[in-house]
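Dear colleague,

I am passing on the structure below, and my notes on what turned up in it follow directly after.

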Amino acid sequence: MNRAPTSDSPRRIACLLVRELPLAAMVRANPELRDAAFALSIGTGPRAALGFVSAPARRAGVVPAMTVAQASAVVPDLTILACNPALEQAAADALIDVAESFSPIVEDGGPGRVYLDLAGLNGLYGGEDEMSAELARRVRQVGMEADIGIAASKDIAWIAARCGGVRIIDAGRETEFLQWVPLELLGLEVDVELQLERLGIRRLGDLARLDVRELGSRMGAGAVELMRLVRGQTGGPLNCRRPGEIFTEKIELDYAIELLEPLGFILRGMLDRLTARLKLRGLVAGDLTLSLEMAGRRRDERRVTIGAATNEVRSLLALILLDLEKSPPSEGVEAVQLSVQARVSRPAQSDMFLPPAPAPERLQTTLARLSALCGPDNVGTLLPANSHRPDAIKRVDFAPPCGPSQAQDHAQTVNRIVLRAIRPPQEVEVMSSRGVPQFVRGQHICARVVSIAGPWRRQGEWWKTALESGNRTANGTAKVPQNGLAGGFAHDYYEMALDDGGVYRVYRDLRSDRWFVDGIYD
Amino acid sequence: MAAALPAVGAASLDALPGVFKGRELTRKDRRLSASLAPINTLLEGGIPRGRISEIVGRRSCGKTSIAANFIGSTTRRGEVVAVIDLANAFDPSTMAEAGVDLSRVLWIRPGQSSFSAPSFCRASNSPLSLFPDHGDPLPSPLSGQDEGESQVLSQVSCQLWPCRRSLKDRSPRSFLRAAELVLEAGGFGLLIMDFGESIFTISQSSALRLARMAERSATAVLMLVTRPVCGTFAALSVDLALTRAIFSYRQNCLRQGPDAKPMHSLALFEGLETSATLRRNKIGRCGTSARWRTLVNPSDFILIDHQKPRKNRAARQGSSI
């Protein structure tokens with residue numbers, strides 16, 4: 001049945017409810033536990049009590065509040081894990097992300113419970129049946145199962161969700177729905193529930209028939225609030241929260257990990273879950289912050305720069321592993337927290353009347369893959385740096401302009417020469433006669449000088465100290481050359497044609513009186 | 001809308017750089033031209049799009065300058081270029097002077113540590129390593145998605161010069177993999193693969209794979225090599241040779257005017273003279289040759305003296321400035 005929107009009920013609230021969030025969070029992080037018999041203990045050791053028990057374990061006879069030893073006696077192959085608050089928080093955040101991907105007005109109702117305003121969304125999804133189906137699909141996308149209730153107020157939507165599955169309460173039929181709802185669905189305190197049971201009240205309809213004043217004088221203000229709820233008189237607005245820009249997943253490990261490879265598997269799972277959340281919101285992953293907690297409460301926090309925002313897990317993981325390999329943690333890792341700075345994907349579109357260019361999304365993915373393959377510092381656009389050094393360069397992220405180029409293309413008859421840089425400059429030995437270089441000998445060059453031009457002196461950065469310029473002695477102190485050039489650089493450049501067929505750019509460092517080749521004209 | 005359409009005639013559409021008729025997409029002789037007339041004449045219009053072309057030559061033969069010319073003309077047309085720079089030799093200053101719009105050039109330097117290959121060494125000075133002590137290569141967290149990648153790249157044999165590295169070096173692997181990624185992305189007008197002076201062999205299957213990907217993406221692939229590496233899969237192969245390095249010697253005068261006297265000669269490096277032979281051309285005639293000059297400053301070039309001065313003159317130049 002497709003429920004059409006009605007004009008007299010503009011306010012429709014949906015409640016997403018994940019039952020037993022700790023269990024759902026554990027299954028989300030370990031999908032192989034979905035149909036397994038497992039339980040979560042509060043604390044460690046054989047005397048620790050079980051807090052939550054999965055449905056297969058419950059069917060096998062394990063119940064909450066048993067000790068670990070008792071549960072193991074009942075079901076010998078029962079998997080018992082410790083409660084993980086970090087996973088629960090991540091699961092709760094994922095549920096909020098689902099709601100925010102659906103509606104702009106969302107209230108966090110506590111762990112595993114989210115309210116969202118459905119007003120005005122009928123045009124997008126067609127009806128409340130379609131909306132509930134889509135919400136359920138998105139919750140499954142982030143690795144959980146949720147009960148969904150839709151009603152005119154958030155309390156009734158919550159009660160509807162507590163009934164299980166998907167329950168939509170039509171406008172104006174809230175009282176009719178509440179009549180038969182059993183009292184234990186509200187999750188009241190045990191003594192209140194007992195007191196009401198003594199009065200013979202088992203359903204909300206029975207409670208609604210009582211007098212508010214009499215019940216209030218007997219049971220206090222809490223009972224009055226309960227009566228208002230039962231009579232459908234609650235209707236507070238949603239407390240909206242600002243959509244987050246940083247998405248976080250955290251996991252606490254049972255034992256310290258000392259190898260990069262298992263850490264990679266854990267990071268991969270976290271990235272899978274994070275990118276699923278980002279995709280729901282139409283966002284892509286930007287810079288990452290990886291926080292590793294080690295033994296002795298030591299923390300290793302590092303920022304992994306992502307040149308091109310992407311949701312491709314393989315590339316993101318490769319960049320993190322590159323960073324970890326470069327500077328590995330000093331000790332075993334006991335907890336991992338991964339935060340992602342969300343970015344909006346580039347909304348550019350190619351022009352029909354311009355030459356073809358890479359599609360923006362594919363380009364971003366390609367750049368991320370290239371960064372993972374070659375390292376983030378080795379992919380981008382190379383530009384001359386603002387320096388007097390002829391070999392100074394800087395790398396910036398690749399972002400080609402969208403419009404056509406302004407430069408004109410003219411046919412020429414002579415070509416302009418370019419230099420092939422040698423990085424870092426290669427030291428050579430130059431033999432001179434009367435001050436003129438005659439022979440060059442180095443690791444890969446050994447040839448006579450045929451023609452030579454120069455020297456052309458370049459010097460600068462005199463304001464830098466000798467240490468900043470890398471001119472230091474063996475014990476690390478600043479070394480001031482005899483010629484007084486304390487900092488910066490001073491080079492005499494030559495162009496030399498050697499008899500091996502190459503034309504080289506060679507310079508003599510005036511500070512150290514050594515010779516270097518820093519380029520080949522080609 | 002109907003009134004605006006006749007104003008865009010066939011002639012004006014032809015003038016737009018990115019607009020071409022549908023049937024031109026299937027033509028195999030679409031060319032990417034340079035801005036240098038002798039090269040365009042030699043190559044019958046330029047290098048073919050969707051094909052692999054090779055420029056073969058030793059150091060200082062002018063192959064990087066020709067590549068810069070192609071990059072410059074491609075970026076000026078508004079297209080995007082990728083340069084895979086194995087030797088880390090890309091010099092942005094002289095490239096910009098040669099007319100390259102650097103903002104449209106994606107520079108990629110392969111050869112750094114990457115996690116695409118399944119084999120890794122143990123990390124030193126750290127308790128964390130990629131493999132445990134028994135060294136059993138368990139499935140990597142990164143494996144399982146690009147199975148074809150390691151297959152193709154394992155066929156690359158690696159011999160690097162001048163930096164002779166061990167076979168564990170992943171530069172050639174990431175070099176070819178980077179080229180594949182660029183071609184997969186599509187939309188690049190030109191892909192430059194600068195091998196530097198390294199001589200590693202591309203296997204036939206890898207070359208075929210690159211050629212197929214270039215054809216699919218309609219990207220012109222230009223390889224700068226010291227010897228042919230693609231064999232039959234290169235549509236075009238040009239041999240370059242340095243004819244001579246041009247140095248000019250000018251008389252330097254301390255005074256200006258009619259009574260000026262030459263004090264000493266000043267040597268200037270003017271550029272290179274290059275000869276080229278079209279050694280292989282699968283879509284046209286081959287065997288033609290051309291000659292041109294590659295100059296430091298084409299606008300100011302005035303050749304005064306081609307002859308090398310006597311030794312004692314050259315000796316004075318060294319301390320002339």
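In chain A of this predicted model, strand S9(A) pairs with strand S12 (residues 333-344) in the antiparallel sense, and eight bridges join the two. Within that pairing, A:Ile257 stands opposite A:Val333 of S12(A). The pair belongs to an open sheet of four strands in chain A, ordered S9-S12-S10-S11, with antiparallel pairing. Strand S9 (246-257) and strand S11 (298-304) of chain A are at the edges, and because each has a single partner strand, one side of each is left without a neighbour in the sheet. From one strand to the next, the twist averages 20°.

Also in chain A, the axes of helix H1 (residues 21-29) and helix H4 (residues 85-102) come within 8 Å and cross at roughly 90°, which means that H1(A) is roughly perpendicular to H4(A). On the H1(A) side the contact includes A:Leu21, A:Pro22 and A:Met26, while the residues they and others meet in H4(A) include A:Leu87, A:Glu88 and A:Ala90.

Turning to chain B, its secondary structure comes to eight helices and 10 strands, and 45% of its 321 residues count as buried. Of the contacts in chain B with a separation of 6 or more, 72% are accounted for by residues 24 or more positions apart.

Definitions and conventions
Residues are numbered from 1 along each chain as its sequence is written. Chains are lettered from A and ligands numbered from 1 in the order in which they are written. This is a predicted model: local features need pLDDT of at least 70, side-chain atom pairs count only at pLDDT 80 or more; totals for chains, interfaces and linings use all residues. A residue is buried if 20 or more other C-beta atoms lie within 10 Å of its own, exposed if 12 or fewer, and partly exposed in between; C-beta atoms are placed from the backbone. Two residues are in contact if their C-beta atoms, placed from the backbone, lie within 7 Å. Two strands pair if DSSP finds at least two bridges between them. Axes are lines fitted to C-alpha atoms, for helices over the stretch in contact, and angles run from 0 to 180 degrees between N-to-C directions. Angles under 35 degrees count as roughly parallel, over 145 as roughly antiparallel, 65 to 115 as roughly perpendicular and the rest as oblique.
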